[in-house]
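Please read it with the structure open beside you.

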Amino acid sequence: MKIGFVGLGNMGAPMARNLLKAGHTLQLFDVSAPAVQALADAGALPAVSPKAAATAVECVITMLPAAAHVRSVLTGDDGVLAGIAQGVAIVDSSTIDPASVTAFAALAQRQGNAFVDAPVSGGTGGAAAGTLTFMVGGSTDAYEHVKPVLSAMGRNIVHCGNTGSGQIAKICNNLVLGITMAGVAEGMALGEALGIDPKVLASIMNASTGRCWSSDTYNPFPGVIDTAPSSRGYTGGFGTDLMLKDLGLATDAARLARQPVFLGALAQQLYQAMSTNGAGKLDFSAVIRLYRRDPDAARSTESEIED
Ligand code: NAD
């Protein structure tokens with residue numbers, strides 16, 4: 001297929017690479033010229049705008065930070081809706097609120113395009129390995145139409161229901177993820193403070209009832225899992241500001257549904273504190289830094305006591 005792809009960040013770039021590997025032709029755009037160039041070097045066709053990326057393709061995929069970016073990419077003068085042919089499906093894999101999905105779907109529908117929400121889970125590792133889970137919201141026809149394309153980037157392609165239901169699944173999953181990461185960080189930091197080897201503690205957790213993705217795949221303690229962002233200075237993973245955004249989506253949706261989210265609201269404040277302190281671009285597993293003692297601070301306290 002000839003596919004238009006917009007948004008080549010931590011997730012979009014490896015996803016686009018997997019589409020290329022599967023033999024699709026890609027026409028792509030990102031506001032970051034180096035991001036486009038890297039994919040062009042791998043054989044994709046660079047486009048000068050979202051409109052150009054969406055022109056004369058059979059499917060358009062967007063992978064952008066938040067709803068405001070999706071809106072501008074879709075509806076701008078040089079946007080996707082200005083370039084796309086009638087009948088071509090738009091798949092948005094960004095994590096955004098279900099209400100925005102409904103609005104974008106109505107705009108697309110008005111000019112004869114299906115809009116499918118297909119947010120993902122699996123992180124940057126899953127994006128690179130082509131093992132993402134896609135949570136798809138849309139009609140059965142639209143789901144069947146886009147499934148072969150999504151299969152080149154993911155292992156589980158799940159039809160969650162009508163338009164917007166993919167985002168509902170995603171938001172609820174990330175509410176749990178934000179909480180479990182904070183929980184694992186708390187346990188690992190306590191273990192360190194009490195004097196157990198972090199690798200031993202993680203291996204016990206991962207063979208016990210504390211086991212979860214945050215402990216066994218993405219452990220926040222540096223050096224426990226070589227491939228996790230914690231082992232490379234919390235870079236190149238799922239940014240704290242994006243987790244903060246997702247917890248905002250979850251708590252907003254909960255407020256509208258008059259549903260309590262006690263732990264989600266607390267986790268939101270932890271990631272907010274990180275972001276406020278300048279760690280918004282770091283991987284969200286850096287939340288463990290809120291718990292770990294600063295060795296320099298400990299030394300200065302000891303020397304002050306000695307004085
Ligand atoms: P990112 O910030 O790394 O990438 C976003 C890309 O969009 C960047 O390359 C940026 O230049 C581009 N962009 C921004 N505005 C644009 C515009 N107007 N036109 C064209 N390009 C534009 O984000 P990411 O980590 O790739 O995440 C993308 C989405 O996927 C987010 O909604 C995030 O919540 C979700 N997500 C991320 C992960 C993860 O582990 N990183 C996992 C699951 C879901």
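1. A nitrogen atom of the ligand is 3.3 Å from a polar backbone atom of G237, and a backbone N or O atom of G9 lies 3.3 Å from an oxygen atom of the ligand. A polar side-chain atom of K245 lies 2.9 Å from a ligand oxygen atom; a polar contact here is a pair of N or O atoms within 3.5 Å.

2. This is a predicted model, in which local features need pLDDT of at least 70 and side-chain atom pairs count only at pLDDT 80 or more, while totals for chains, interfaces and linings use all residues. Residues are numbered from 1 along each chain as its sequence is written, and side-chain values use heavy atoms, with hydrogens and water left out.

3. Of the 26 residues around the ligand, N10, M11, D30, L64 and P65 come nearest, where a residue is near if one of its heavy atoms lies within 4 Å. By class, this shell has twelve nonpolar, eleven polar and three charged residues, with Asp, Glu, Lys and Arg counted as charged, Ala, Val, Leu, Ile, Met, Phe, Trp, Tyr, Cys and Pro as nonpolar, and the others, Gly among them, as polar.

4. Domain 1 (2–161) and domain 2 (168–306) both give residues to the shell around the ligand, so the ligand lies between them; the domain bounds come from an automatic or database domain assignment.

5. The largest share of the shell, three residues, comes from helix 4, helices being DSSP runs (H or I) of at least four residues, numbered from the N terminus.

Technical notes. Polar contact = N/O pair within 3.5 Å; in protein donor to acceptor, adjacent residues only side chain to side chain. Helix = DSSP H or I, 4+ residues; strand = E, 2+ residues; numbered from the N terminus.
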